[in-house]
Amino acid sequence: MNDIQLNKCQKDKIAEICGEFGNDAGELINVLHKCQGYFGYLSEEVQREIARCLSIPVSKVYGVVTFYSFFTMKPKGKHSISVCLGTACYVRGAEAILEELKKQLKIEVGDVTEDGRFSLECLRCVGACGLAPVMLIDDKVYGRLDSSMVSGILAQYD
């Protein structure tokens, strides 16, 4: 997958996180959440170290990471953009918002801009259907969007 090697401090942090959950394999999802929060994503090496600490196969860790959409094996940008493609957002033009973002950022869904400022994802529903179409940047919700608003919104982020 990748050539990232964990240093002793990083391995110790994973061991500490696993220890917080009693090194219990049944707590794998909680361990993964906390490790992703610390590292930003779950690289192959992080997954291997978690498997070692919890005494479970790497394939089990990988299976959980790839099954749940909130886990990522790729680094995220400084600012995470998520476009809602739920029914209300989709019928009100979310696809045009997504296309404008891809054009301006010069990336595809799942990628990070060259400068590391933004990553782009899609969601199924944000729960803000009355504001459709909606996108989130980090934890901030932008609603009632049209594609002409995208550049102004992106300009607010360093």
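This is a predicted model: local features need pLDDT of at least 70, side-chain atom pairs count only at pLDDT 80 or more; totals for chains, interfaces and linings use all residues.

Student: How do I read a helix crossing, and at what angle do the axes of helix 1 and helix 3 cross?

Tutor: Helices (H or I, at least four residues) and strands (E, at least two) are DSSP runs, numbered from the N terminus. Axes are lines fitted to C-alpha atoms, for helices over the stretch in contact, and angles run from 0 to 180 degrees between N-to-C directions. Here, the axes of helix 1 (residues 8-20) and helix 3 (residues 44-54) cross at roughly 45 degrees and come within 10 Å. That makes helix 1 oblique to helix 3 (under 35 degrees is roughly parallel, over 145 roughly antiparallel, 65 to 115 roughly perpendicular, and the rest oblique).

Student: Which residues of helix 1 and helix 3 meet?

Tutor: Contact means heavy atoms within 4.5 Å. Lys11, Ile14, Ala15 and Cys18 in helix 1 meet Val46, Glu49, Ile50, Cys53 and Leu54 in helix 3. Sorted by class, this contact of helix 1 with helix 3 has seven nonpolar, no polar and two charged residues. For the classes, Ala, Val, Leu, Ile, Met, Phe, Trp, Tyr, Cys and Pro count as nonpolar, Asp, Glu, Lys and Arg as charged, and the others, Gly among them, as polar.

Student: What about the axes of helix 1 and helix 2?

Tutor: Those cross at roughly 145 degrees and come within 9 Å, with helix 2 covering residues 28-39. On the helix 1 side, the contact includes Gln10, Ile14 and Glu20; on the helix 2 side, Val31, Tyr38 and Phe39 are among the residues. The classes for helix 1 with helix 2 are seven nonpolar, one polar and three charged residues.

Student: Now the core. How many residues does the largest nonpolar core have?

Tutor: In soluble globular proteins, nonpolar side chains tend to be buried together. A nonpolar core is a set of buried Ala, Val, Leu, Ile, Met, Phe, Trp, Tyr and Cys residues joined through side-chain atoms within 4.5 Å. The largest one here has 24 residues, and those with the most contacts inside it are Ile81, Val83, Leu101, Met135, Ile137 and Leu154. Helix 6 (94-105) and strand 1 (79-84) are among the elements giving it two or more residues, and the largest share, five residues, comes from helix 6. A second, separate core of 20 residues includes Leu6, Leu54, Val65 and Phe71.

Student: Is Ser82 buried or exposed?

Tutor: Buried means under 20% relative accessible area, exposed over 50%, and partly exposed in between (1.4 Å probe, protein chains only). Ser82, in strand 1, counts as buried because its relative accessibility is 12%. Phe67, in helix 4 (residues 58-67), counts as exposed at 63%.

Note on methods:
Residues are numbered from 1 along each chain as its sequence is written. Side-chain values use heavy atoms; hydrogens and water are left out.
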